[in-house]
Amino acid sequence: MHADTKPRWERRKDARPQELLAAALDLFVDRGYAATRLEDVARRAGVSKGTLYLYFENKQELFKAVVRENVVQVIGQAESDMAAAEDASCTELLRTMLRRWWTELASTRASGLAKLIIMEAGNFPEIAQFYNDEVISRGQALIASILRRGMERGEFVTVDAQLMTHVLIAPVIMLMLWTHSHDPCGAGVDPEGYIETFLGLAQRGLARGTP
């Protein structure tokens, strides 16, 4: 029998973690952290609960693995690209990074994890702290570093890099939350038009020489 046609429980062992992570992402996004049960994750992945425990010690560790697989890897790649683009225009680099945040994270299934954190951080401070350390802090540091580089090179007006980072990420977070909360009700906005309008506004506001 060809490997692809075998039942899930007969597939090679190293395929199972990815199936579990995919199942867990769907359930965390659909149900939230509290309501997601490990037995349901295992069932959706087509394995036993015991098999799940071979890879993940508990739900918290499974959640961390989901975030690292779907979000942290994207941030890590962006950090590498930022380091390699030392001679690039900071205006274009900022635009590229903010657009990538939307296309590679905020517009994907994984963006539901951010909504989960917002909704359940008070009840699960340990996962909120993890998300802050590995996602929020690193993402903010990346944007702030572009702003500082742009100011040093005279491309951007002088601003407080930390405060401006919050200003820049807020519209993307708003679009992401709106997409998850209101799009199903038919009250969505055109994401491409929104992002382009926002990026144009940010570019004009930061450009040196703008009145």
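Reader: What volume does the largest pocket have?
Author: About 540 Å³. Keep in mind that this is a predicted model.

Reader: How many residues line that pocket, and which lie nearest its centre?
Author: The lining has 26 residues. Nearest the centre are Ile75, Trp101, Leu105, Val135 and Gly139.

Reader: How does the pocket lining split by class?
Author: It has 21 nonpolar, 3 polar and 2 charged residues.

Reader: Which helices each supply at least two residues of that lining?
Author: α4, α5, α6 (112-120), α7 (125-152) and α8 (161-181).

Reader: Switching to α4 and α5. At what angle do their axes cross, and within what distance do they come?
Author: The axes of α4 (residues 59-84) and α5 (residues 90-106) cross at roughly 160 degrees and come within 11 Å. That makes the two helices roughly antiparallel, since angles over 145 degrees count that way.

Reader: Is the crossing left-handed or right-handed?
Author: α4 passes α5 in a right-handed crossing.

Reader: Which residues meet there?
Author: From α4, Asn70, Val71, Val74, Gln77, Ala78, Asp81 and Met82. They meet Leu93, Met97, Arg100, Glu104 and Leu105 of α5. By class, the contact has 7 nonpolar, 2 polar and 3 charged residues.

Reader: Now cavities. How many are of 30 Å³ or more?
Author: The structure holds 1. About 90 Å³ of space lies in the largest cavity.

Reader: Which residues line the largest cavity?
Author: Thr91, Leu94, Arg95, Leu98, Phe156, Leu199, Ala202, Gln203, Leu206 and Ala207. The elements giving two or more residues to this lining are α5 and α9 (191-206).

Technical notes. Residues are numbered from 1 along each chain as its sequence is written. This is a predicted model: local features need pLDDT of at least 70, side-chain atom pairs count only at pLDDT 80 or more; totals for chains, interfaces and linings use all residues. Side-chain values use heavy atoms; hydrogens and water are left out. Axes are lines fitted to C-alpha atoms, for helices over the stretch in contact, and angles run from 0 to 180 degrees between N-to-C directions. Helices (H or I, at least four residues) and strands (E, at least two) are DSSP runs, numbered from the N terminus. Angles under 35 degrees count as roughly parallel, over 145 as roughly antiparallel, 65 to 115 as roughly perpendicular and the rest as oblique. A crossing is left-handed if the near helix is turned anticlockwise from the far one by less than a right angle, and right-handed if clockwise. Contact means heavy atoms within 4.5 Å. Ala, Val, Leu, Ile, Met, Phe, Trp, Tyr, Cys and Pro count as nonpolar, Asp, Glu, Lys and Arg as charged, and the others, Gly among them, as polar. On a 1 Å grid over the protein atoms alone, a cavity is a set of points where a 1.4 Å probe fits but cannot get out, and a pocket is an open set with protein on both sides within 12 Å along at least five of seven lines; lining residues have an atom within 4 Å of a point. Grid points are joined across faces, edges and corners, and a volume is the space filled by probe spheres set on the points.
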